[in-house]
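I wanted to get to know a protein I had not looked at before. These are my notes, in the order I looked things up.

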Amino acid sequence: MPWCCKFMGCWNKVQGTGWLYPTILLCIFGFFSLMRPSEPFLVPYLAGPDKNLTTDQITNKILPIWTYSYLVMLFPVFLATDYLRYKPIIILQGICFIISWLLLLFAQGVLAMQFLEFVYGTGSATEIAYYAYIYSVISSEHYQKVTSYCRSITLVGYTVASVLAQVLVSVGNVSYYYLNAISLASVSVAFLTSLLLPMPSRSMFFHRKDEAVKFDVPPSVEDLNAESESPGPQSNVHRKTSSQPSVASDESVSQYKDKGLLKVLLQLWSDFKECYSSPQLLTWSIWWALATCGYNQIVNYIQVLWDHIEPSENAMVYNGGVEAAGALLGAATSFAVGYVKLDWEVWGELALGIFSAVNSAALYTMDQVDNIWVCYAMYVVFKASYVLLITIATFQIASNMSMERYALLFGINTFIALALQTILTVIVVDSRGLGLDIITQFLIYGSYFAVIAGMFLIRGICVIVQNKCKRKRQITSEITEETASPSGNETDISERF
């Protein structure tokens, strides 16, 4: 068939393109891995007749497991991601999501749902491999383009899933069970796509391009003889390119691997100190960790608050539409911030404080009102504000360091955020801690963002005042130098103003 031949010819051309083939597969994977229409209705599904769990069981015993497993698995997954060169971890993510939705469909009881949250937390920890994979298979001139494609397609997948879920529930009266079946099919497509990804030949730490010249492997006897027989410039070349096996090859390989692991750990420590030695990067990272902790907590428990204000068994639920609206508004604000001409080094911290105050006000409003529509609106505002700020923070951090250090900083900031979230969960949510009701929890979360806002408002005002004083001193110093200079004249001074 002619059209089949044309399609295969086009696909072969795509595969021959260095960056286009993996980019298409990554976009397909990203779309289907987030095209999960059941997620906006998770709590109504668990509390409904399919699972018949109580709100206290969901809030205090099941949902906290995701936070704990995410924290525990993040660091080992981070190292395994680099050591195994990304693709196996992306495949693992697909497997974790498939297991999660199989459990959602067919498992029963609190213990089964806790295991589900553990598997899903492991899958969440593997998400770092998705973006790190980009930088291992394409050249640096395509970084910005491919990153924007992948981030955009995941947002599209999430939005399509939310809209589809709302339409199916509101118009088609489809049960939540079938939404989970659609999600299972979608993550299965993502898993199959991950199998087609090309295997990277290098990684950021364990498998660098220049790895062979970083470690000194003892030369063989033949290499030494060749060097002694032909002294001169060519002897060094022969020694570097020789592939003859040495007598102590096994020992050399062992020492090579040991040095490689030690080198990676030392490089990680050196990069860690370098990343946080900059006051600006440290400030943005502190906000990133604190705000991400609060954001994850809100997203994890917002459905419980909605179900408390307007029980799903008594009224139509619009969780999917709200999530879609939040994602779209967040995308719009993130896109718009790229066109804002502002000195973020001066005004950035004040912006962090102002929008953190907006988040705090939105959470207080959600906590105090009994109107579900006001609660929906405040959640959209909260989510859009966070997405806006995290976009600015990501840009500011990424523009001041290499991709390797950015990946490390991303992992460390995420780990700190999860550690803080774990502490917050153990104290506030977990039944072994205070086990507070959902209204009291959101009062605490609002206060948490109020503290963040206070910290960065004060810091932002101080930075602006210091910058103005610095500029004033600089102008005064320049005027003094001009007037004191013998060669200076009035014309030169007037031209400066």
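The entries below go from the overall picture to single residues.

**Entry 1: the overall picture**

I noted at the start that this is a predicted model. I looked up the secondary structure and found 20 helices and 0 strands. The protein has 497 residues, and 45% of them count as buried. Next I checked the surface: the accessible area comes to about 24900 Å², and carbon and sulfur atoms hold 65% of that. Among contacts with a separation of 6 or more, 83% are between residues 24 or more positions apart.

**Entry 2: the nonpolar core**

Which residues touch the most other members of the largest nonpolar core? That core has 108 residues, and the answer is Met113, Trp287, Leu305, Trp306, Leu363, Phe442 and Tyr445. Helix α14 gives the largest share of this core, with 15 residues. I checked the domains too: domain 1 (14-200) and domain 2 (261-482) each supply at least three residues to this core.

Leaving out residues up to four places away in sequence, Phe442 touches Ile298, Tyr301, Ile302, Leu305, Leu363 and Asp367. Two names on that list, Leu305 and Leu363, also sit among the core residues that touch the most other members.

**Entry 3: aromatic pairs**

How many aromatic pairs does a search of the whole structure find? It finds 18. I took Phe97 and Tyr120 to begin with. Their ring centres are 5.7 Å apart and their planes stand at 35°, so I put this pair down as tilted. It links distant parts of the chain: Phe97 is in helix α6 (residues 87-106) and Tyr120 in helix α7 (residues 110-125), 23 residues apart.

Are these two buried or exposed? Phe97 has a relative accessible area of 3%, so it is buried. Tyr120 is buried as well, because its 15% falls under the 20% cut-off.

Trp287 belongs to helix α14 (residues 279-309) and Tyr386 to helix α17 (residues 372-398), so the pair links parts of the chain 99 residues apart. Trp287 is buried at a relative accessible area of 1%, and Tyr386 counts as buried at 7%.

I also found that Trp287 and Tyr386 belong to one aromatic cluster, along with Tyr295, Phe382, Tyr448 and Phe449.

**Entry 4: a charge over a ring**

I went back to Phe97 to see what lies over its face. Arg36 does, at 4.8 Å from the ring centre.

Last, I looked up backbone angles. Asn52 has a positive phi of about 55°, though it is not a glycine. Asn173 also has a positive phi, near 55°, and is likewise a residue other than glycine.

Where do they sit? Asn52 is in the loop between α3 (42-47) and α4 (55-62). Asn173 is in the loop between α9 (143-170) and α10 (176-194).

Asn52 has a relative accessible area of 61%, so it is exposed. Asn173 is exposed too, because its 67% is over the 50% cut-off.

Conventions:
Residues numbered from 1 in each chain as written. Predicted model: local features only at pLDDT ≥ 70, side-chain atom pairs only at ≥ 80, totals over all residues. Heavy atoms only, no water. Phe/Tyr/Trp six-rings, centres within 6.5 Å; stacked < 30°, edge-to-face > 60°. Helix = DSSP H or I, 4+ residues; strand = E, 2+ residues; numbered from the N terminus. Buried < 20%, exposed > 50% of the residue type's maximum accessible area, 1.4 Å probe, protein only. Lys NZ or Arg CZ within 6 Å of the ring centre and 35° of its normal. Core = buried A, V, L, I, M, F, W, Y, C linked by side-chain atoms within 4.5 Å. Domains from an automatic or database assignment. Contact = heavy atoms within 4.5 Å. Areas by Shrake-Rupley, 256 points an atom, 1.4 Å probe, with all protein chains shown as cover.
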